[in-house]
Amino acid sequence: MATVAQQSKLSSILWPVAAWSIGLIFFFPIFWLVFTSLKTDQDAVNPEHLFFFTPTLDNYTNMTQNYDYWKFAMNSVITSGFATLFALIVGVPAAYAMAFDPSRHTKDILMWMLSTKMLPAAAVLYPMTFLTKNTLGIFDTHFLVILVLCLVNLPIVIWMLFTYFKEIPKEIIEAGKMDGVSTWGEIKDILIPLAWGGIASTALLTFIFCWNEAYWTVRLTTFNASTLSTLIEGNRAPEGLFFGRLSAVSTAAIAPIVVLGWFCQKQLVAGLTFGAVK
Amino acid sequence: MADRTLPRILQTPAVLLLLIWMLVPLSMTLYFSFIRYVLNSSIRPEWTKPALSNWRGFGNYEYVLNAKDFWFAIQNSVFIVASILVLTVVLGLGIAVLVNKSFPGRGIVRVLLISPFFVMPAVNGVLWINMILDPVLGLQGIAVGGLNILIDGLRDFPVLGWFFNLWPQIEPISFRATQTSAYAVIMMVTWQWTPFAVLIFMTSLQSEDESQKEAATLDGASPWSQFINLTVPHLARPIAIVIMIQSIFHLSLYAEIEIVSRGNGNKNLPYLIGEFANNNIGAASATGIFAVILANIIAIFLLRMVGKSLMD
């Protein structure tokens, strides 16, 4: 038994070391991005100043001037926020009906919704450009970006809400019906308070997906409604020239979402696996 | 409960919106794939407007099938997605087991680990290809340069010098060539999605039956055989789900490829469609239809595999 004890003593030291190393390795690129953002553009590409340099916040204070950061950030906030809101407005009633009044088609409808998510966006790229530019004239508007982000995430929103709503005992909703509560009243006074946590994590996750979306937001805007994804993709070209300022604007683009993510990482699992992993 | 009107009304907006979103652009793609349709043509200006009189039948499909880029793009799409899936599942399993045990600072390690998942794809691409992988100015270039200087210094060492003289100069790898940039994309997406796999596997590990494991230990089963015979079967469903969700996201991988490989030949199907769409809409649409077919094959396969377990 001595060997087992020794083994466990050794592993009680090695195990945390290994786990911490893995955590630090995975976080390192993000750390490096923030670290580089504190260097001037010259220092950022100078090996002599790899670790030792005079930190400066100039890259952040000049961000408005260099990249017009706030305009793109505001667009990201507006489009992601409203897309999330609309997806919930459409998704909550649908998921409510599916969870508490399922018909024999409910399963098929849910599966079909998920399958729309698998359609490659690129396949409909040109028709979307054509429709929005020539037919509807809504190309490069906030309205279009909100609409598309909402539609892209709707299947996931409904799936997540459906999973959360299913956990609520049917009897509670039925009891409301007996008492003559209207459907709207049921949703507002019974469902939403009970499923508040689930709805909030659905909203958070949808907001994160909208914020990070980089296909439609880049392809369906040119300037007016462009989000942070477009800003970063558009500024990748000068190789090595502006590592400092590019790092600063990238840090500013991901910081809100990464911090938001830290707070909702627990709910993330239930949400992303549609409750199938517990 | 005979009245089905209300539930239907509540579902209608969602179903209708998704139906329009799916059908309208897709039927246009289908139509464009059967006609000659280009954005600019000085010789045949009539082809610049979509019209039935420019009917081409399966001509666009033939054209696409004969383009060598097409097969390369399909191969590359599958290669990139498959590599990412294998890497994230294997790494995810290992790290999940590692982090599942309790140790000091576990909460912080969890936060550090999950962070890459929230980084937007555009930043992911910019960060990796410039600050980390650039052969001259990135960390890779600087590390290789430093290593070469170190080896050069060691060559003059009295006794061991001959040994280091055998070492060649190390060349940094450029990740902007066709093949290597596919590796760069795999690397950055694996970095981003391994945390996702870890998180899901960890959640599942916590629900594992501990008494079963204790019994196995008493019966003298080694930790490895416990892992293979108890833990891996328990993780079968989460593995299937990780594969399904990642496939949904990675088949339409775009931002990373766009940033890493602009014009260097590395492409997947979405990127090839974008290239065609610069002028030849007919070919872009035909490629789009092929992408839809490929996605459907994979979707049917995946939904069969995990769809049932999602509904329970």
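**View 1. Two domains of chain A stand with their centres 37 Å apart, taken over C-alpha atoms.** The assignment places domain 1 at 2-58 and domain 2 at 68-234. Such bounds come from an automatic or database domain assignment. This is a predicted model: local features need pLDDT of at least 70, side-chain atom pairs count only at pLDDT 80 or more, and totals for chains, interfaces and linings use all residues. Residues are numbered from 1 along each chain as its sequence is written, while chains are lettered from A and ligands numbered from 1 in the order in which they are written.

View 2. The pLDDT (the predictor's confidence in each residue, from 0 to 100) has a mean of 87 in chain A. In chain A, 94% of residues reach 70 or more. Helices are DSSP runs (H or I, at least four residues), numbered from the N terminus.

**View 3. Helices α5(A) and α8(A) cross.** Helix α8 covers residues 142-166 of chain A. The two axes come within 6 Å and cross at roughly 35°. Axes are lines fitted to C-alpha atoms, for helices over the stretch in contact, and angles run from 0 to 180 degrees between N-to-C directions.

**View 4. Chain A meets chain B.** Here 81 residues of chain A are in contact with 85 residues of chain B. Contact requires C-beta atoms, placed from the backbone, to lie within 7 Å. Helix α1 (residues 2-37) of chain A gives the most to chain A's side, with 15 residues.

Methods: Two residues are in contact if their C-beta atoms, placed from the backbone, lie within 7 Å. Helices (H or I, at least four residues) and strands (E, at least two) are DSSP runs, numbered from the N terminus.
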